[in-house]
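Please find below a colleague's note on the structure under review. The points are intended to be read with the coordinates open.

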Amino acid sequence: MMDKSAAELISVTKSYGQSIAVDEISLKIPGASYTCLLGPSGCGKSSTLRMIAGHETVSRGDILLGGKNITDLPPAGRGTAMMFQNYALFPHLSVADNVAFSLKMKGVDKAARLAESMKLLELVDMAGFAGRLPAQLSGGQQQRVALARALITNPSILLLDEPLSALDPFLRLRMRSELKRLQRELGISFIHVTHSQDEALSLADQIIVMNKGRIEQVGNAQDVFNRPETQFVAQFMGGHNVMSDGQSHLAIRSDKIKVARTKPKGAAGLKAVVREIEYLGTTFSVALNDAAGVEGSNPISVTIPDALFSQEPLEIGQTVFLNWKPDDAHRLAN
Ligand SMILES: Nc1ncnc2c1ncn2[C@@H]1O[C@H](COP(=O)(O)OP(=O)(O)OP(=O)(O)O)[C@@H](O)[C@H]1O
């Protein structure tokens with residue numbers, strides 16, 4: 001039997017007037033999985049999420065959930081639930097009533113809906129705050145309430161639009177692991193929109209990298225980070241240098257490039273000049289210019305572990321030779 005939390009988008013397009021925000025994308029969300037839609041601002045990730053939620057119409061294409069075509073169903077009839085960036089809690093309702101709200105709309109009686117609301121507040125560790133108003137909660141607590149409110153409809157898929165962006169860095173890390181724990185415990189699928197590479201890498205079973213309304217690459221965190229397929233993915237995920245070998249572009253991770261003070265015997269070695277040195281705690285980040293390269297071309301970035309750098313520090317202006325294993329250079333499709 002088809003997992004009811006498995007979803008599929010088939011050639012889905014969203015246009016706003018003349019402009020195309022999402023351009024014929026097709027993708028599969030496995031059942032009980034954590035998927036991140038990752039990309040820069042304006043790439044179409046929120047539009048994609050809103051179409052899955054039913055908050056935005058689909059211009060062309062189909063959306064399936066658990067094998068059923070939900071493209072034209074209203075938001076409440078799809079088996080999806082959405083948690084919004086600003087949490088959208090009702091200010092005049094208590095935490096318990098906020099969470100119970102959608103059950104009230106469905107006509108569930110008061111005792112039953114409050115019992116269900118308490119169950120979900122326990123799940124997100126907020127049972128002790130049931131009587132408070134949203135204004136009496138911290139940002140992190142409001143977010144937990146918003147999560148409980150979305151989950152009370154018993155969705156097959158939870159949709160999250162930048163759920164961590166309003167939190168301070170400490171809370172963000174804590175909520176990140178909470179989201180992963182919840183997804184695992186509930187055994188449903190989460191689709192999480194983010195522009196943060198770290199967030200996607202740490203959370204997702206599957207990362208969908210989007211750019212200009214299209215999908216650039218789909219894979220697990222290590223695929224997308226270690227084996228970028230396009231220049232865009234290599235540059236957007238960070239940690240990579242994109243170089244040309246005359247025929248096509250290659251991506252080489254910054255930590256896979258070795259720096260030699262003298263030309264290594266036998267090895268080709270790219271002659272380069274040190275331009276900037278930055279200390280990052282456990283590593284040094286060194287920016288270099290290709291000595292034969294065009295003035296103003298992209299600098300090459302190399303990361304060197306702290307201890308290794310300290311044995312033989314580099315200096316700005318120094319000429320060095322860069323080399324890497326052929327296997328560490330990935331040929332890109334464009
Ligand atoms: N309601 C709308 N009407 C017209 N254009 C829109 C509308 N919503 C989004 N767009 C446009 O569609 C494109 C994709 O927007 P979308 O919000 O999906 O991107 P995003 O990747 O989620 O960006 P962000 O991270 O900034 O939210 C953008 O060019 C945006 O300006």
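The numbered points below take up the domains, the ligand shell, the sheet and the helices in turn.

1. The model is predicted. Its chain is divided into domain 1, covering residues 5-226, and domain 2, covering residues 242-332. Between the C-alpha centres of domain 1 and domain 2 the distance is 41 Å.

2. Ligand shell. Which residues lie around the ligand? They are Tyr 16, Ala 21, Gly 39, Ser 41, Gly 42, Cys 43, Gly 44, Lys 45, Ser 46, Ser 47 and His 195. The most is given to this shell by helix α1 (residues 45-53), which supplies 3 residues. Sorted by class, the shell around the ligand comprises 3 nonpolar, 7 polar and 1 charged residues.

3. Sheet. An open sheet is formed by 4 strands in the order β2-β1-β4-β5, and the pairing is antiparallel. At the edges stand β2 (19-29) and β5 (68-69), each of which pairs on one side only. The pairing of strand β1 (residues 7-16) with β2 is antiparallel and extends over 7 bridges. Within this part of the sheet, Glu 8 is placed opposite Lys 28 of β2. As background, the strands of a sheet pair through backbone hydrogen bonds, in either a parallel or an antiparallel manner.

4. Helix α2 and its cover. In helix α2 (residues 95-105), the buried residues are Val 95, Ala 96, Asn 98, Val 99 and Ala 100. The elements that cover these buried residues of α2 include α3 and α4 (139-151). Just after α2, Gly 107 adopts a positive phi of about 85°.

5. Met 118 and its surroundings. Helix α3 (residues 110-123) contains Met 118. Leaving aside residues up to four places away in sequence, Met 118 touches Ala 96, Ala 127 and Ala 130. Why does Met 118 count as partly exposed? Met 118 has 17 C-beta neighbours inside 10 Å, and a residue is buried if that number is 20 or more, exposed if it is 12 or fewer, and partly exposed in between. Met 118 therefore counts as partly exposed.

6. Met 118 and His 249 are separated by 131 residues in sequence, and their C-alpha atoms lie 55 Å apart in space.

Conventions
Residues are numbered from 1 along each chain as its sequence is written. This is a predicted model: local features need pLDDT of at least 70, side-chain atom pairs count only at pLDDT 80 or more; totals for chains, interfaces and linings use all residues. A residue is near a molecule or strand if its C-beta atom, placed from the backbone, lies within 6 Å of it. Helices (H or I, at least four residues) and strands (E, at least two) are DSSP runs, numbered from the N terminus. Ala, Val, Leu, Ile, Met, Phe, Trp, Tyr, Cys and Pro count as nonpolar, Asp, Glu, Lys and Arg as charged, and the others, Gly among them, as polar. Two strands pair if DSSP finds at least two bridges between them. Two residues are in contact if their C-beta atoms, placed from the backbone, lie within 7 Å. Domain bounds come from an automatic or database domain assignment.
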